[in-house]
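Work through the exercises below with the sequence and the structure at hand. Each task is followed by a worked solution.

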Amino acid sequence: IPQKLTDIGHYINKCLAELADSHDLDIHIYGIPSITHFGFKSNLDLAIKTIITQEMLKGGYLSGNSVYVCIDHSKEVVDKYIEALDNTFRIISKVLKGDDPRRYLEGPICHGGFSRLN
């Protein structure tokens, strides 16, 4: 099981990198393969994270900028997830090229860390 989780994590990382490349995004992928995190060089991290969650919810995914692999994740499941991320990465590309992220947001920008508890 650990090897399968690692293998799927590597596949997710490869797919994220390819998707980012197709949208001309400079992606930073980090963490262990089975708990992958990704981000983009920007001072708009929280707005981008909010866009990811908002747009992925529209496609039926509760998602942010991390993936916690489980035994039920197959290449087919990952491929559907990456396909759903395509439009989200298109929006992120526009934001990182200068569009105002609020143009795409339907609610407030998420909080970072524990600030929501203070």
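**Exercise 1: S22**

In this predicted model, a polar atom of the S22 side chain lies 2.7 Å from the backbone oxygen of L19. Determine where S22 is placed and whether S22 is buried or exposed.

Solution.
- Step 1. S22 belongs to helix α1.
- Step 2. The relative accessibility of S22 is 53%, so S22 counts as exposed, the cut-off being over 50%.
- Step 3. From S22 to G9 the separation is 13 residues in sequence and 20 Å in space, C-alpha to C-alpha.

**Exercise 2: N13**

Classify N13 as buried or exposed, and list which residues N13 is in contact with, leaving aside neighbours within four places in sequence.

Solution.
- Step 1. N13, too, is found in helix α1.
- Step 2. Its relative accessibility is 15%; N13 therefore counts as buried, since buried means under 20%.
- Step 3. Beyond those neighbours, N13 is in contact with I29, P33 and T36.

**Exercise 3: helices α1 and α3**

Describe how the axes of α1 and α3 are arranged, and state which residues meet.

Solution.
- Step 1. Two packed helices are described by the angle and the distance between their axes.
- Step 2. The axes of α1 (residues 2-22) and α3 (residues 75-96) cross at roughly 25° and come within 10 Å. That angle makes α1 roughly parallel to α3, because angles under 35 degrees count as such.
- Step 3. The crossing of the two helices is right-handed.
- Step 4. On the α1 side, I8, Y11, I12, C15, L16, L19 and A20 take part; they meet K75, V78, D79, I82, L85, D86 and F89 in α3.
- Step 5. Sorted by class, the contact of α1 with α3 has 11 nonpolar residues, three charged ones and no polar ones.

Terms used
Residues numbered from 1 in each chain as written. Predicted model: local features only at pLDDT ≥ 70, side-chain atom pairs only at ≥ 80, totals over all residues. Heavy atoms only, no water. Axes fitted to C-alpha atoms, helices over the stretch in contact; angles between N-to-C directions. Helix = DSSP H or I, 4+ residues; strand = E, 2+ residues; numbered from the N terminus. Parallel < 35°, antiparallel > 145°, perpendicular 65-115°, else oblique. Left-handed = near helix turned anticlockwise from the far one by under 90°. Contact = heavy atoms within 4.5 Å. Nonpolar A, V, L, I, M, F, W, Y, C, P; charged D, E, K, R; others polar. Buried < 20%, exposed > 50% of the residue type's maximum accessible area, 1.4 Å probe, protein only. Polar contact = N/O pair within 3.5 Å; in protein donor to acceptor, adjacent residues only side chain to side chain.
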